Amino acid sequence: MYTPSTAPVPDGEIIVERGSTARDLGPKLNRSAGDVVRFLLLQGEMVTATQSLSDDMIELFAAELGAHVRLVDPGEEREAELLAKYFEDEDLEEEREEDLRPRPPVVTVMGHVDHGKTLLLDRIRQTNVVAGEAGGITQHIGAYQMPWQDHLITFIDTPGHEAFTAMRARGAEVTDIVVLVVAADDGVMPQTVEAIDHARAADVPIVVAINKMDRPDANPDRVLQQLAERGLVPEAWGGDTIVVQVSALEGTGIDDLLEQITLLAEVEELLATPEGRARGTVLEANLEAGRGPVATVIVESGTLRVGDPVVAGAAWGRVKALVDDRGDHVKEALPSMPVQVLGFSEPPQAGDELRVAKDLTTARTLGEARAQRFRLSGHLPAPSAATGARLEDLFEQIQRGETARLNLVLKADVQGSLEAVTESLRKLERDDVKLSFVHRGVGGITENDVQLARASNATIIGFNVRPDRRARDLAAVSDVEIRTYEIIYKLLEDIEAAMIGMLAPKTEEVISGEAEVRQVFRIPRVGAVAGCYVREGSITRGSKVRFLRDGVVIWRGTITSLRRFKEDVREVQAGYECGIGLSDYQNLEEGDVIETFEERETART
């Protein structure tokens with residue numbers, strides 16, 4: 001047992017920067033640097049007084065003393081102090097009811113690719129946006145405001161729900177209504193389903209626009225049936241989903257759609273105060289020749305004016321010009337108005353909150369403090385406080401007497417598996433534990449699934465599917481838990497165990513190598529041999545292997561032979577080609593992925 005100084009540790013939460021040294025940490029806990037070093041030495045950790053400590057080391061020492069510490073990125077505490085100092089009065093100032101005024105709704109248009117999202121907006125705005133897009137597919141986020149019968153409506157045309165979710169994961173709640181565009185001749189497609197799930201996760205009302213009604217094979221009844229199966233029951237069928245039939249090509253039904261949007265906006269009672277210093281959200285930003293950093297911003301409250309000192313993330317500056325969606329220079333922007341803002345020191349990040357500061361010095365001080373934090377922590381700004389949920393959190397919620405809710409993103413190899421797993425999980429629900437399926441889909445686990453899990457505080461469950469490399473990397477930095485299973489009762493056992501706080505030791509899979517099948521050779525008396533290129537890690541003979549096709553697990557086994565040219569080898573590193581023979585699998589195809597892995601058992605904390 002370690003017995004350092006008996007001085008009492010400070011009460012309450014103690015802020016400690018990540019990467020602190022023993023010399024930094026000791027005084028915060030009323031201890032010397034020597035106390036920290038000696039304690040860690042007894043735990044088998046050799047450190048010096050000036051060496052950066054890992055998060056685990058800091059938490060271990062704090063736990064020994066009974067101190068409650070909160071780890072923050074370097075510079076984060078300084079940033080919080082500046083926010084409190086310069087913006088405290090403004091944050092405490094609640095919007096007075098008499099200052100609130102109706103504001104235009106902000107409408108995001110979503111749907112499957114090529115279902116006519118941009119053409120619909122093009123018809124609404126009577127401008128030719130589609131003609132300027134590469135291949136007729138939207139290449140960037142655009143925001144437009146248009147008048148209609150004494151009303152203003154702001155539209156966001158997004159290249160996909162990934163951008164919508166990524167912004168929501170960063171805390172940017174800019175959308176009031178989602179218009180879901182579904183082609184009458186194509187029906188509900190995979191991206192349509194994802195768009196529905198993303199809009200629901202954001203708790204945003206959905207208006208469905210059934211487009212392409214001019215097509216001879218248009219079948220709106222089939223679309224209504226498919227929507228109802230997804231929980232969007234049309235008003236005509238006794239549900240509460242507004243459905244409008246339109247033809248963007250011929251311009252029919254557009255007025256009906258705009259009328260439904262304005263009626264829904266009135267029901268939602270969208271209010272904001274035009275008084276005071278502006279706040280807004282950055283939709284996109286880039287560096288333009290001759291104009292410098294340019295950010296597209298939607299104002300949420302207050303009025304943004306030319307000359308205002310502003311800060312958004314690490315970017316700061318004075319507003320040199322405001323340009324509206326028609327390209328005209330304006331002097332001010334009111335709530336829900338989209339404008340391009342010129343004058344930033346650098347392009348901010350999409351989803352950053354824009355704030356008008358008291359003066360330019362304040363804006364610069366806060367921007368530079370954030371820039372320093374990002375540099376010291378070695379990464380770009382993390383998505384607000386959004387992270388995924390973990391099964392371990394379930395029991396803690398139950399213990400606190402709360403009704404625990406586990407949000408899940410569920411992916412499976414085929415539709416039959418998806419339905420079977422869904423039904424089995426639903427049977428586990430109890431009065432104190434509710435399961436919510438944020439998204440269910442067929443296919444491998446993608447970056448978009450991780451984005452959605454992060455934004456919705458969800459756990460990703462994969463049945464007979466695997467995350468691709470990008471999804472794994474994003475999950476690691478976003479603190480999103482991905483659990484993959486190949487036996488259904490193991491999946492159910494884990495969920496049940498989590499409910500009673502009895503999760504078994506965690507079996508962690510460490511991906512040791514990844515190779516892509518470039519060519520398949522059929523050799524007499526040997527069978528199929530995969531000519532592969534090792535993309536990551538190393539491939540070792542005898543390794544456990546998983547065979548993936550489009551992210552779906554199609555076979556598991558071991559590597560029986562590994563060759564470089566004509567030589568048998570034990571291991572092949574990334575960047576080299578090799579021939580791989582598998583124990584008993586012959587159905588090889590070009591483009592398949594061979595993933596080798598090790599299983600390590602670690603105790604849960």
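Over the ring of which residue does the charged end of Arg 546 sit? Select Arg 546 and Phe 597: the charged end of Arg 546 sits over the ring of Phe 597, 4.1 Å from its centre. The criterion asks for NZ of Lys or CZ of Arg within 6 Å of the ring centre and within 35 degrees of the ring normal.

Before moving on, note that this is a predicted model: local features need pLDDT of at least 70, side-chain atom pairs count only at pLDDT 80 or more, and totals for chains, interfaces and linings use all residues. Residues are numbered from 1 along each chain as its sequence is written, and side-chain values use heavy atoms, with hydrogens and water left out.

**Whole protein**

Zoom out. The secondary structure comes to 15 helices and 31 strands. These are DSSP runs numbered from the N terminus: helices are H or I with at least four residues, strands are E with at least two. Of the 605 residues, 50% count as buried. Buried means under 20% relative accessible area, exposed over 50%, and partly exposed in between, with a 1.4 Å probe and protein chains only. Among contacts between residues at least 6 apart in sequence, 71% join residues at least 24 apart. A contact here means heavy atoms within 4.5 Å.

**Arg 23**

Select helix H1, residues 22-28; Arg 23 lies in it. Arg 23 counts as exposed because its relative accessibility is 52%. Leaving aside neighbours within four places in sequence, Arg 23 is in contact with Ala 33, Ala 49 and Thr 50.

**Gln 149**

Go to the loop between strand E5 (142-148) and strand E6 (151-157), where Gln 149 is found. Check its backbone: phi of Gln 149 is near 45°, a positive value in a residue other than glycine. Most residues other than glycine have a negative phi. Gln 149 has 56% relative accessibility and therefore counts as exposed.

**Helix H7**

Select residues 190-201. Helix H7 has 12 residues and reaches 17 Å from its first C-alpha to its last, close to the 16 Å expected at 1.5 Å a residue. The expected span is 1.5 Å times one less than the number of residues. Buried residues of H7 include Glu 194, Asp 197 and His 198. Just after H7, Asp 203 takes a positive phi of about 55°.

**Strands E20 and E21**

Show residues 404-412 and 433-442. Strands E20 and E21 pair in the parallel sense over 9 bridges; pairing requires at least two DSSP bridges between two strands. Pick Ala 412: its bridge partner in E21 is Val 442. Strand E21 is mostly covered, with 7 of its 10 residues buried.

**Helix H13**

Next, residues 447-456. Helix H13 is largely enclosed by the rest of the structure, because 9 of its 10 residues are buried. Among them are Asp 449, Gln 451 and Arg 454. Asn 457 follows H13, and its phi is positive, near 55°.

Select Phe 547 and Trp 555. Both are buried. The count comes to 2 aromatic pairs. Phe 547 and Trp 555 form one that is edge-to-face: 6.4 Å centre to centre, 80° between the planes. Rings of Phe, Tyr and Trp (its six-membered ring) pair if their centres lie within 6.5 Å; planes under 30 degrees apart count as stacked, over 60 as edge-to-face and the rest as tilted.

Last stop: Phe 565, in the loop between strand E27 (552-564) and strand E28 (567-568). Phe 565 has a positive phi of about 55° although it is not a glycine. At 74% relative accessibility, Phe 565 counts as exposed.
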